[in-house]
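Trainee: Could we go through this structure together? I would like to start with the overall picture and then turn to individual residues.

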Amino acid sequence: MNMNKKIIFLVLAGTLFSNILFAQHKGKTGLSGSIQGSDFGILIPVWVGEKTVIAPAFELKFGEKIGTDFAVGLATRMYLKTEKLCPYYGFKLGALVNIPSSANEIDTETKIDLVGGLAFGAEYFFVDNFSVGVELQGNITKSGTNSARFGNPGGINFNTGTMVIATIYF
């Protein structure tokens, strides 16, 4: 399977999975904006139980002479309690894809990096429909053979991260 077909498969699989979740959700659905370093992401948290959220995640960046960089993933949150301040832990799994621009004469190969990890955080609910949170992450990444994203082409890395998030629930 060539690289473009793999990318299309990942995007379609993520979309199908999130549609299945929306059809079965037991509670509120939200829209989140996240900031992690210089990256901005969108998550769609869906309450699938009294203390459990599953959130498909998407991120997209474009540089005219560099190319398109996008991420698709899935995050879970298992809340320890559901009050104003809700601590949680969760798991993350995703793919980071870079498609170089046709104007990029140096680097023309599509790259895919895989990410999986654990998250620990807390979400503070100002009201039932609006929250902000902070999340600490420990991630294991498997870099593509030609990817320099994590400084270890074809290798496995461990890294940490912090994410700030704001969510509106419907």
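The conversation below covers the fold, the cores, the salt bridges and one asparagine.

Mentor: Please note that this is a predicted model, in which local features need pLDDT of at least 70, side-chain atom pairs count only at pLDDT 80 or more, and totals for chains, interfaces and linings use all residues. Residues are numbered from 1 along each chain as its sequence is written, and side-chain values use heavy atoms, with hydrogens and water left out.

Trainee: How many of the residues count as buried?

Mentor: Of the 170 residues, 39% are buried. Buried means under 20% relative accessible area, exposed over 50%, and partly exposed in between (1.4 Å probe, protein chains only).

Trainee: Which residues make up the largest nonpolar core?

Mentor: That core has seven residues: Trp47, Val53, Tyr79, Cys86, Tyr88, Phe125 and Tyr169. Apart from it lies another core of five residues, including Leu43 and Ile165. A nonpolar core is a set of buried Ala, Val, Leu, Ile, Met, Phe, Trp, Tyr and Cys residues joined through side-chain atoms within 4.5 Å.

Trainee: Changing topic, how many salt bridges does the structure hold?

Mentor: It holds three, a salt bridge being a side-chain nitrogen of Lys or Arg within 4 Å of a carboxyl oxygen of Asp or Glu. One of them joins Arg77 and Glu123, at 3.3 Å from N to O. Arg77 lies in strand β5 and Glu123 in strand β7, so this pair ties together parts that are 46 residues apart in sequence.

Trainee: Are Arg77 and Glu123 buried or exposed?

Mentor: Both Arg77 and Glu123 are buried. Glu135 and Lys92, which form a salt bridge at 2.9 Å, are buried as well. In the bridge between Lys81 and Glu83, the closest N and O atoms are 3.7 Å apart. Lys81 is partly exposed because its relative accessibility is 37%, whereas Glu83, at 51%, is exposed.

Trainee: And where is Asn139 found?

Mentor: Asn139 is in strand β8, residues 130-142, and counts as buried because its relative accessibility is 7%. The side chains of Asn139 and Gln137 are joined by a polar contact of 3.3 Å. A polar contact is a pair of N or O atoms within 3.5 Å; within protein, one must be able to donate a hydrogen and the other to accept it, and residues adjacent in sequence count only if both atoms are side-chain atoms.

Conventions: Helices (H or I, at least four residues) and strands (E, at least two) are DSSP runs, numbered from the N terminus.
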